[in-house]
Structures are given as C-alpha cells and as structure tokens.
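The reader may wish to keep the structure in view while reading.

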Amino acid sequence: MKTWIKQLFILSALSLVLFSCEKDEDRAILNVGAAPALTASSTNLILLEEAAKNEAITLTWTEADYGFDAAVNYQLQIDTAGDNFVKPYSADLGSTLSKTYTVEELNTLMTKLKYTPEEPQEIKIRIKASVSEFVDPVYSNVAAVTVTPYSTFIEPTFIYVPGDYQGWAPDKAPALVSVEANGIYTGIISFAGTNNRKFKFTPERDWDMDYGMGSTPTSLKEKGSDLEVPANDVYKITADLNNLTWSFARYSWGIIGDATAGGWDSDQDMQYVNGESIWKATLILKAGKIKFRLNDAWDVNYGDDNVGDDALNAGGADIPVASAGTYEITFKLDQEGVASYTIVKK
C-alpha cells in the first residue's frame, strides 16, 4: 500500500514538472518583446533625373526583440497610402538594420509600382521582422513618405525606308525605330515576292534629305546611291546614323509541325506585312501540332504553354490543331519581346 501511494506521488510530481516546462516553453514563444522602430531620413522627396546617383533616402530600424536569442530576418514593405499593406511590395533585407536608395533606384521602384511620374505620391513603409514560420512576425511603426518621381519615358524617333519594293514613296514607306532616340534605328522590312530590292533611308516622309550608299556597300552618306539587299526575303535592318553605317540580317518566321504539309522537316513561310508589324499565313492544316520558328532553325522558336491565352512562350509547348481545315494564322513579336498569335479556322 505504501509503495502504491509513493508511486502515485512520484507520478503527480512528474506531471507538475512537465506542465511547468510546457508553460515555460509557451511563454518563450509568445513573448515577442519589442518590434523594430523605423526612422526615415526624409518624408518628402522630389526626385530629379540629374541627381540620379545621389542618395535619396535612408531607412534605419532598431533590432526586434523576441525575448530569446534568434536570427531575425527583416523585410521592407511598401504600399500605397490607404491600402493597409494587403498586397505590399516586399524586399528581403536579411539581418541588416538599414537600407539606402539612390534617386535612380527609388525612381525605378516607383516606376515598377506604376506610380504616375511628376505627381506627388504618398507611400507607406514598414519593416517586417520574423524568425520562423512557427512564430508570428512583428512589424515596425509605419513611415509615411511623399515621393514625386520623374518620367523615364523617351520619345522614340523614326526614319523611313522608301524603295522600289513599294514605289519609292517616302510618305507611305515602312519605318525603322530608335526606341532610345540615340541615332540607331532598327526594323523589319519585307522584300519578299518581288524582284525589287533597292531602297534608301529618309529622316522625314519626303525627299528633302536621304541617306544612300557611301564608300562601301554598308556605309552611308547623304544623297548616296541606292542601297540593296541580296535576295527577295524579309530582313531585320539596322541604320546607325551616328557612324553612317547600316547592316541587315535575314529575319523570316515560319510554321512547322505535323499539322502542316511539311511536317516537322520544313517550315511553311509566313508573310511579313510592312507597316503592320505582323506575320500572316493561310494554310491547310491536318489535326496535329505546330510551332513558330525563326529562319528555318530551332535556335529561336515559340510554342504555347497555356493554350487559350493567345500568348506565346519562347521554346514553349507544341500548339494543338484540333481538326483539319484551312486556317488563317498570325504571329506578332513586339519591341519588348512579347509574342502572341491567332489561329482561326475559315
């Protein structure tokens, strides 16, 4: 009897110890202590492009205190005033306790977040501190900063490519574009399906001034002789008016696949429409699959990883053709490298 009572007493004592340990552990986890205290070096910033390399703002914060030793990870969060950090922009900062943005870096961030240039925007900034997915994070106070970003938009410039392939008409000629307005112009011109391969470059849609061939076939000079490509095909043409040179490279897109007459062995060429920046083809297809590829090679090709969204993916999956018939197909690749297509059964 005494032995039984003694064992019961020991079990009770052990239960108290375990209960006490569990409670101590709970208190260690729940005792989050102090959140970081955030300070911004400025609360009103007007960003200027000529000061792009200068420091714009420095954010500093104190260490978070979780009540026990822990490796704390800090994350910067930025949100529009009034959005309450529902979907903030976030950037991991590791264990650092400060972040400095130059004018250019902050302006790039404001552009990325699609804030309107030249208009003051109030943004909210806070620091998120975390140690583990099992422990609730803590947040700093919110700093309100008004930022006026500058515009990074550059108005593109154009030159025109009149030639015998389109009747020597600069007022109707396709254009080359300089996206950075830096005197280097690029564009795609189709000379396919015709024996006319001569052209010139004009800065305006008239003949007041033009550039033709200089001392070599790839050099330029004002009022020079006609320029020429070697064959009736589609070319990507570049004109450098800074150095008075020009160059060309074949640039022909085609459709390939077991749904086409050539199978996976040969392309069905698409026709480039000058002035519309689009490729077109009308083909008789079988049920099967197709892809788009450049210059009859697999180095550059596009498929569709998500059929139905009309967007193409570089090196993407084969595009299914459900049934046989005549199809009108278009392909477009914009200046940003975004490719799209349509395939419509007639």
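## Basis of the description

Helices and strands are DSSP runs, a helix having at least four residues and a strand at least two, and they are numbered from the N terminus. The model discussed here is predicted.

The average pLDDT of the protein is 89, and 90% of the residues score at least 70. Residues 1-31 have a pLDDT below 50, and this stretch makes five contacts in the model beyond near neighbours in sequence.

## Nonpolar cores

In soluble globular proteins, nonpolar side chains tend to be buried together. The largest nonpolar core of this model comprises 31 residues. Leu47, Leu76, Leu106, Ile123, Ile125 and Val147 have the most contacts inside this core. At least two core residues come from each of β3 (55-61), β4 (73-80), α2 (103-112), β7 (121-130) and β9 (143-148). Apart from this core lies another, of 24 residues, which includes Ile188, Tyr272, Ile290 and Leu312.

Leu47 illustrates the packing in the largest core. When residues up to four places away in sequence are not counted, Leu47 touches Ala56, Val103, Leu106, Asn107, Val147, Thr148, Pro149 and Tyr150.

How many cavities of 30 Å³ or more does the structure hold? There is one, and the volume of the largest cavity is about 40 Å³. The lining of the largest cavity consists of Leu45, Ile57, Leu59, Ile78, Tyr101, Leu106, Ile123, Ile125, Val145 and Val147. Two or more of these residues are given by each of β3, β7 and β9.

The lining of this cavity divides into ten nonpolar residues, with no polar and no charged ones. Leu106, Ile123, Ile125 and Val147 belong to this lining and are also among the residues with the most contacts inside the largest nonpolar core.

## The largest pocket

The largest pocket contains about 550 Å³ of space. It is lined by 23 residues, and those closest to its centre are Val177, Thr186, Gly187, Ile188 and Gln335. Strands β11 (175-178), β12 (184-190) and β27 (325-333) each contribute at least two residues to the lining.

By class, the pocket lining has twelve nonpolar, seven polar and four charged residues.

## Strand β6 and Thr102

Thr102 is found in strand β6, which spans residues 98-102. Leaving aside neighbours within four places in sequence, Thr102 is in contact with Ala52, Lys53, Asn54, Glu55 and Ala56. Ala56 is also touched by Leu47.

The C-alpha atoms of Thr102 and Asn232 are separated by 51 Å, and the two residues are 130 residues apart along the chain.

## Residues with positive phi

Most residues other than glycine have a negative phi. Asn84 has a positive phi, near 60 degrees, and is not a glycine. This residue lies in the loop between β4 and β5 (89-94). Is Asn84 buried or exposed? Asn84 has a relative accessible area of 65% and is therefore exposed, the cut-off for that class being over 50%.

Asp310 likewise is not a glycine and has a positive phi, of about 65 degrees. Asp310 is placed in the loop between β24 (301-303) and β25 (313-314). With a relative accessible area of 43%, Asp310 is partly exposed.

Conventions. Residues numbered from 1 in each chain as written. Predicted model: local features only at pLDDT ≥ 70, side-chain atom pairs only at ≥ 80, totals over all residues. Heavy atoms only, no water. 1 Å grid on protein atoms, 1.4 Å probe; cavity = no way out; pocket = protein on both sides within 12 Å on 5 of 7 lines; lining within 4 Å. Points joined across faces, edges and corners; volume = space filled by probe spheres on them. Nonpolar A, V, L, I, M, F, W, Y, C, P; charged D, E, K, R; others polar. Core = buried A, V, L, I, M, F, W, Y, C linked by side-chain atoms within 4.5 Å. Buried < 20%, exposed > 50% of the residue type's maximum accessible area, 1.4 Å probe, protein only. Contact = heavy atoms within 4.5 Å. pLDDT = per-residue confidence, 0-100.
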